[in-house]
Amino acid sequence: MKITFLGGGNMAAALIGGMVERGFAAAGLQVVDLGAETRQRLAARFGVRTVESFDDAALACDAIVLAVKPQQMRAALAQLAGRLSGQLVISIAAGLRIADIARWLGAGGAPYARIVRCMPNTPALIGAGVTGLYADPSVDAAGREAAARILSAVGSVVWGADEAAIDGVTAVSGSGPAYVFHFIEALEAAGRSFGFDEQTARRLALDTVTGAARLAAASDEPPGVLRERVTSKGGTTEAALASLAAAGWHDALVAAVQAAAARGRELGEQLGKD
Ligand SMILES: NC(=O)C1=CN([C@@H]2O[C@H](COP(=O)(O)OP(=O)(O)OC[C@H]3O[C@@H](n4cnc5c(N)ncnc54)[C@H](O)[C@@H]3O)[C@@H](O)[C@H]2O)C=CC1
Ligand SMILES: O=C(O)[C@@H]1CCC=N1
């Protein structure tokens, strides 16, 4: 499969790195990016062809992954409007709706079909991503399968029942690594408060998060049961969890995820007005 990325930033690099690591031929991958340094970095790191704007070679592909920021999308798509000839279009942009992308890509008032909206996350770089996908009804089974094959190369995939589900995926797992990194930062800071040096505090925090996540993933039991097993009556964990509850930690996290989803919907509405 030949794939061209529009935008070669953080998320495109995570996807390309994961794909190359898992056997996608670098010769089949191209990146269109305005940044000379970004192009040089990607070419040197992954051996992919890079170009500043779409030329015939970049257009000669099976799928185009839209990986510029939502606010950059409309301007970036101007170079493609009316030039596509059936390529599958896969947008990873937060919030942006298929109907608006279809309109921006269309020609002569006719919207472009064959668009899949999806939301991956940065652990894709190590093959440990998770992606939610939703395909416009104009995408046939082969197109859905191609999109799933690309994203499956870098982790697990989940299909959303409707397009709105992608705003939920964005909030939970698209932005999710940042919540986890923030948790690790806080656990590390707590470790430092006991006098551990940075390296030791990070090791304690990181190995705890990695180990607990791996245990939860390997267990048949829900995380709540695993949590109870750590929590001895009258013990240390109980004291910590009571402190978190008093601070409203659980509800704060749920509210944070809802704020992310609301921002995704807002971006879609605002940017789709043009
Ligand atoms: N960073 C993340 O964790 C995730 C990001 N996303 C989505 O991925 C998309 C990209 O995000 P990042 O990679 O974080 O952004 P980024 O800013 O790192 O990368 C965007 C790239 O697009 C290039 N670009 C901008 N306008 C262009 C144009 N007209 N033509 C060619 N290249 C152009 C920029 O030079 C830049 O290299 C966003 O839409 C975001 O919502 C999705 C999932 C996770
Ligand atoms: O923060 C953002 O808007 C993007 C989408 C999901 C992760 N990063």
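Of the 274 residues in the protein, 32% are buried, where buried means 20 or more other C-beta atoms within 10 Å of the residue's own, exposed means 12 or fewer, partly exposed lies in between, and C-beta atoms are placed from the backbone. The model is a predicted one, in which local features need pLDDT of at least 70 and side-chain atom pairs count only at pLDDT 80 or more, while totals for chains, interfaces and linings use all residues. Residues are numbered from 1 along each chain as its sequence is written, and chains are lettered from A and ligands numbered from 1 in the order in which they are written.

The secondary structure comprises twelve helices and eight strands; helices (H or I, at least four residues) and strands (E, at least two) are DSSP runs, numbered from the N terminus. The C-alpha trace spans about 70 × 35 × 30 Å along its principal axes. Two residues are in contact if their C-beta atoms, placed from the backbone, lie within 7 Å. Among contacts between residues at least 6 apart in sequence, 68% join residues at least 24 apart.

Helix packing comes next. Two packed helices are described by the angle between their axes and the distance between the axes. Here the axes are lines fitted to C-alpha atoms, for helices over the stretch in contact, and angles run from 0 to 180 degrees between N-to-C directions. For helix α8 (residues 176–193) and helix α9 (residues 198–218), the axes come within 8 Å and cross at roughly 135°. That angle makes α8 oblique to α9; angles under 35 degrees count as roughly parallel, over 145 as roughly antiparallel, 65 to 115 as roughly perpendicular, and the rest as oblique. The crossing of α8 and α9 is right-handed, which is the term used if the near helix is turned clockwise from the far one by less than a right angle, anticlockwise being left-handed. On the α8 side the contact is made by Val180, Phe183, Ile184, Leu187, Glu188, Gly191 and Arg192. The α9 side contributes Glu198, Ala201, Arg202, Leu204, Ala205, Leu206, Thr208 and Val209. By class, this contact has nine nonpolar, two polar and four charged residues, with Ala, Val, Leu, Ile, Met, Phe, Trp, Tyr, Cys and Pro counted as nonpolar, Asp, Glu, Lys and Arg as charged, and the others, Gly among them, as polar.

Helix α7 (residues 164–174) and helix α12 (residues 249–271) also have axes that come within 8 Å, crossing at roughly 135°. The pair α7 and α12 is therefore oblique, and its crossing is right-handed. Asp167, Gly168, Thr170, Ala171 and Val172 of α7 meet Val257, Ala260, Ala261, Gly264 and Arg265 of α12. These residues divide into five nonpolar, three polar and two charged.

The residues around ligand 2 are Ala94, Thr170, Gly174 and Ser175, of which one is nonpolar, three are polar and none is charged. Around ligand 1 there are 27 residues, and Gly7, Gly9, Ala76, Ala93 and Ala94 come nearest. Helices α1 (10–21) and α4 (70–77) each supply at least two residues of that shell, and α4 gives the most, with four. The ligand 1 shell has 15 nonpolar, ten polar and two charged residues.

Arg114 sits in the loop between α5 (98–105) and β6 (115–119). Its phi is near 65°, a positive value in a residue other than glycine. Arg114 counts as buried because 20 C-beta neighbours lie inside 10 Å. Val139, in the loop between β7 (129–135) and α6 (141–152), is buried too, with 21 other C-beta atoms within 10 Å. Leaving aside neighbours within four places in sequence, Val139 is in contact with Arg114, Val116 and Arg144.

Helix α11 (residues 236–246) lies largely in the open, because zero of its eleven residues are buried. Just after α11, Gly248 takes a positive phi of about 70°.

Note on methods: Near = placed C-beta within 6 Å.
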